Amino acid sequence: MRRNHSRYYERRNNMSEQSSKLTRGGDEMGMSDAQFKAYLLEQLENWQHVYDLAVANNDKEVQAEAEKQITKINTALKF
């Protein structure tokens, strides 16, 4: 029975170590700031293209959505 408890605590400690790596900025974190900024710039370019197409086709609904997304992205890029 003690053996099962030790496995539980061993797994729990491993999970704690992985969790602390995430909070300390370990490899598991995902995108760096530069990668995220590049992603946002790519999204901005895509939405600007959508906006241009909406204006050319006089689609007010799509134009409004594109403007909204462009504003959100520009706000995120300020940080």
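Author: **The helix pair**

Helices α2 and α3 are roughly antiparallel to each other; angles under 35 degrees count as roughly parallel, over 145 as roughly antiparallel, 65 to 115 as roughly perpendicular and the rest as oblique. The model is predicted, so that local features need pLDDT of at least 70 and side-chain atom pairs count only at pLDDT 80 or more, while totals for chains, interfaces and linings use all residues. Residues are numbered from 1 along each chain as its sequence is written, and side-chain values use heavy atoms, with hydrogens and water left out.

The protein chain holds 3 helices and 0 strands, in the order α-α-α from the N terminus on; helices (H or I, at least four residues) and strands (E, at least two) are DSSP runs, numbered from the N terminus. Helix α2 covers residues 33-56 and helix α3 residues 60-77, and the two pack at an angle of about 160 degrees with their axes 9 Å apart. Such axes are lines fitted to C-alpha atoms, for helices over the stretch in contact, and angles run from 0 to 180 degrees between N-to-C directions. The crossing of α2 past α3 is left-handed, that is, the near helix is turned anticlockwise from the far one by less than a right angle, clockwise being right-handed.

By class, the contact of α2 with α3 has 14 nonpolar, 5 polar and 3 charged residues; Ala, Val, Leu, Ile, Met, Phe, Trp, Tyr, Cys and Pro count as nonpolar, Asp, Glu, Lys and Arg as charged, and the others, Gly among them, as polar.

The buried residues of α2 are Leu40, Leu44 and Ala54, and they pack against α3. Buried means under 20% relative accessible area, exposed over 50%, and partly exposed in between, with a 1.4 Å probe and protein chains only. Buried residues make up 10% of the 79 residues in the protein chain.

On the α3 side, glutamine 63 counts as buried, at 14% relative accessibility. Leaving aside residues up to four places away in sequence, glutamine 63 touches Tyr51, Ala54 and Val55. Threonine 71 and leucine 44 are 27 residues apart in sequence, yet 9.2 Å apart in space, C-alpha to C-alpha.

The loop between α2 and α3 contains asparagine 58, which is exposed at 56% relative accessible area. Its phi is near 55 degrees, a positive value in a residue other than glycine. Most residues other than glycine have a negative phi.

Note on methods
Contact means heavy atoms within 4.5 Å.
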